[in-house]
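Below are my notes on the model you sent. They take the fold and then the helix packing, point by point.

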Amino acid sequence: MSDGKKPTILETIYAQRAKDVEAAKSNPGTTQADLDTYLSMNLAPPLIDFPARLKQNPSSLTSSPGPSLMAEVKRASPSKGPIAMSTNAPEQGFKYASAGASVISVLTEPTWFKGHLLDMRLVRQAVDGLPNRPAILRKDFILDEYQIAEARLYGADTILLIVAMLSQERLTALYNYANSLGMEPLVEVNNASEMTRALELGAKVIGVNNRNLHDFNVDMGTTSRLVEMVKERDVVLCALSGISNPNDVAVYKEQGVRAVLVGEALMRAKDTGAFIAELLGWPRA
């Protein structure tokens, strides 16, 4: 940020997360050296293959396979404020898994989204015994290798990397570090130049955020405009944000989008399983 301009929402969150990471690193028992030791002792729980799991959903073996569901546990957001503050994360995650979600995205950012690493750890434990459990995504503002090590130790199979928030050098370093821990990241983009950067990175799973993280405006056409950039490539394309009804999903299915991430609409649903079945056109689990 420069020129005395007011920071964007993304810049404000980034600055706070940088402080949070430095504070965590300074606590005995959670220093970077401690986390490295825990990883070297193989204390992190087993991983599953995120891209492979993302390609599987209740419609996969039908005559008309559709997008997979990345279901999000989200209590609040900067744009909407409180959404479902009393949500029990593992209980919600288990509902998602039972309804056919391929991925459970857990917000772990505490200030604006009211999430915690413990939420993610307990979601992982809640679904661990299920056959073909969903992949667990740490949804956060990742700016340091430390957060990726945390994610791995707390049971994540993948992490989010936001192209808009990172230089290409940092993006590459974080992507490679995640790979070194066995995790293929979800790389988030919002426009053509960011998509180009994600493709240069070699990302296998790319999510197009329909919400601009600088001003939090939503444009559902954002994903549609970028679809052609990944045609004929071995990339799983996901649509993120703003998806709330079957028509949204139908449009993306027609365009070849392989997965949709849904948060707020799911958190507000009275009957989670029925809403998911209607949204994706799946038989009720």
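1. Basis. This is a predicted model, in which local features need pLDDT of at least 70 and side-chain atom pairs count only at pLDDT 80 or more, while totals for chains, interfaces and linings use all residues. Residues are numbered from 1 along each chain as its sequence is written, and side-chain values use heavy atoms, with hydrogens and water left out.

2. Annotated region. An unreviewed UniProt entry places the feature "domain: Indole-3-glycerol phosphate synthase" at residues 10-279; such annotations may be inferred rather than shown by experiment. Over residues 10-279 the chain is 41% helix and 16% strand, with the end C-alpha atoms 29 Å apart. Helices (H or I, at least four residues) and strands (E, at least two) are DSSP runs, numbered from the N terminus.

3. Eight strands close into a barrel, in the order 1-4-5-6-7-8-9-10, and the pairing is parallel. Direction ignored, neighbouring strands of this sheet are turned by 25° against each other on average. Strands count as paired if DSSP finds at least two bridges between them. One example is strand 6 (residues 158-162) with strand 7 (residues 186-189), a parallel pair over three bridges. Isoleucine 162 stands opposite glutamate 188 in strand 7.

4. Helix 1 with helix 6. Helix 1 (residues 9-25) packs on helix 6 (residues 145-153) at about 65°, and the axes are 10 Å apart. Helix 1 is therefore roughly perpendicular to helix 6. The classes are: under 35 degrees roughly parallel, over 145 roughly antiparallel, 65 to 115 roughly perpendicular, and the rest oblique. Axes are lines fitted to C-alpha atoms, for helices over the stretch in contact, and angles run from 0 to 180 degrees between N-to-C directions. The crossing is left-handed, meaning that the near helix is turned anticlockwise from the far one by less than a right angle; clockwise is right-handed. Arg17, Val21, Ala24 and Lys25 of helix 1 meet Tyr146, Gln147 and Glu150 of helix 6, where contact is heavy atoms within 4.5 Å. This contact has three nonpolar, one polar and three charged residues (nonpolar: Ala, Val, Leu, Ile, Met, Phe, Trp, Tyr, Cys and Pro; charged: Asp, Glu, Lys and Arg; polar: the others, Gly among them).

5. Helix 6 with helix 7. Helix 6 also packs against helix 7 (residues 168-180), at about 25° and with the axes 10 Å apart. Helix 6 is therefore roughly parallel to helix 7, and passes helix 7 in a right-handed crossing. Glu145, Ile148 and Ala149 of helix 6 make the contact with Arg170, Ala173, Leu174, Tyr177 and Ala178 of helix 7. By class there are six nonpolar, no polar and two charged residues.

6. Helix 4 with helix 5. The axes of helix 4 (residues 89-98) and helix 5 (residues 117-127) come within 8 Å and cross at roughly 45°. The two helices are therefore oblique to each other, and their crossing is right-handed. Ala89, Pro90, Gly93, Phe94 and Ala97 of helix 4 meet Asp119, Leu122, Val123, Ala126 and Val127 of helix 5. Eight of the residues in this contact are nonpolar, one is polar and one charged.
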